[in-house]
Amino acid sequence: MMSAAAFLSTALVFLYITQSCSFICVSFTSPSSPIPMMQRRNRHTMYTQARVDYSAANEYIQAHYNISQYFHHNDCIETIHDGRRLQESCHNEREMLKENGLAIVASPMPKTQIIWSERDSVQQCYLPELERIINKLFPEKIIHLSFWNPMMRGESLEISRQRDQLLHIPTANIASLVHIDTDVGAYDSIEEFLAIIDNNRVQNDSLASSSSVIEDVTGDIVIGRKRFAILNFWRNIGETPVTQAPLSIYSSRYDGDVAFPDAAPNVEDSKWYMFPNATRDEVIVFYQYDRERDQPSDLWHCAIEVEEKESDSVHRRKSFDIRALIVFDDEVSDNNDRFSPERTSPVLSFEESGCFCDKQAVKRTGGEGK
């Protein structure tokens, strides 16, 4: 059974590059010319329709925030839009991420194969590439960056044993139930949340000044009121483009100056997206939290079922995802701060929440996943 503290983080997230491990750099286009109005009007292109199961999300929010039927349905058919077409209507990946909370970024695989099941290989050959992407996506000054909760996922994988996770990357099946990775507001203190990161961290040396995330950033967040965000980096590590159980992400929009959990998404303005045929040379980036209220974040997501072709049966999905905590050198204003002491707190205690999440994990195929 997964620990209460670890599951709460998932219910709701040495810098040395050898030549053989280096990635090919990709360019980010600059917003030098306006996007044609017709292209912006056609940005929401339907790709498919799929069954979406909101039941676990509704149960979680009901238990933690006493909000009944946060999503209108427990189970329904939703229109899934083409994220690639949406991104074409933006100037670049940076604008796509800022406006919608998600983006797909070119990231060609290195010549030397990354061993995704081994922590050292991921640390030495993959984290530097993610740092490069982060620096491109966020030109603002970053004062801390930590990666944690690496996971290999697949339709044929099972939850790995805890003792296997010290040297090897954990494994899990995919999840077809809607969820978010990290409900930051549910923690009583920032130290409680940062302890989760410390316990599941993959060390990177460039922007971590000590062995403890708590020591590094608690003062910046609490006293300095620095902006911090949590992003998920999802990558196809299979040999073929993803056609089975693709990741689908809900870009949430709210009415007025509110965000999760204080209001439900506006169903007319919020939309489900997927990036069709995601390849090994791309990374899907999406927000799981941002302290700034006006940034689309807390993006619900799940694996969806699509119409299966005969050839797809031998190309089952296999993916790798990891979360990043980013602390920026920007102070959040009072009227835009989601992590203020007055933020909405859950009605369950930390221990009660852990018990709830342990029971709910049975409904998450393979425990946790995307």
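How many bridges join strand β4 (residues 142–154) to β12, and do the two run parallel or antiparallel?

Modeller: The model is a predicted one, and the account that follows should be read accordingly. Strand β4, residues 142–154, is joined to β12 by 10 bridges, and the two strands run antiparallel. Within this pairing, Phe 147 stands opposite Ala 324 in β12. Strand β7 (residues 226–236) is likewise joined to β12 by 10 bridges, and this pairing too is antiparallel. Here Phe 228 is the residue that stands opposite Val 327 in β12. Strand β12 itself covers residues 318–331; 10 of its 14 residues are buried, so the strand is largely enclosed by the rest of the structure.

Strand β11 belongs to an open sheet of five strands, with the order β1-β2-β9-β8-β11 and mixed pairing. The edges are taken by β1 (46–53) and β11 (301–303); each has a single partner strand, so one side of each lacks a neighbour in the sheet. From one strand to the next, the twist averages 35°. Inside this order, β2 (residues 75–82) and β9 (residues 271–274) run parallel and are joined by three bridges. Asp 82 stands opposite Met 274 in β9.

Most residues other than glycine have a negative phi, and most peptide bonds are trans. The peptide bond from Phe 260 to Pro 261, however, is cis, with omega near 5°. Pro 261 is found in the loop between β8 (247–251) and β9. In the loop between β10 (282–290) and β11 is Asp 298, which has a positive phi of about 50° although it is not a glycine. Asp 298 counts as buried because its relative accessibility is 2%.

Arg 225, whose phi is near 55°, is placed in the loop between α9 and β7. With 23% relative accessibility, Arg 225 counts as partly exposed.

Helix α9 (residues 213–222) packs with helix α8 (residues 190–199): their axes come within 10 Å and cross at roughly 145°. The crossing of α8 and α9 is right-handed. Among the residues that meet are Ile 190, Leu 194 and Asp 198 in α8, and Val 213, Val 217 and Ile 221 in α9. The residues of this contact divide into nine nonpolar, one polar and two charged.

The crossing of α3 past α10 is right-handed. In α3, the residues Ala 56, Glu 59, Tyr 60, Ala 63 and His 64 take part, meeting Ser 353, Phe 356, Cys 357 and Gln 360 in α10. The residues of this contact comprise five nonpolar, three polar and one charged.

Conventions: Residues numbered from 1 in each chain as written. Predicted model: local features only at pLDDT ≥ 70, side-chain atom pairs only at ≥ 80, totals over all residues. Heavy atoms only, no water. Left-handed = near helix turned anticlockwise from the far one by under 90°. Helix = DSSP H or I, 4+ residues; strand = E, 2+ residues; numbered from the N terminus. Contact = heavy atoms within 4.5 Å. Nonpolar A, V, L, I, M, F, W, Y, C, P; charged D, E, K, R; others polar. Pairing = 2+ DSSP bridges. Axes fitted to C-alpha atoms, helices over the stretch in contact; angles between N-to-C directions. Buried < 20%, exposed > 50% of the residue type's maximum accessible area, 1.4 Å probe, protein only.
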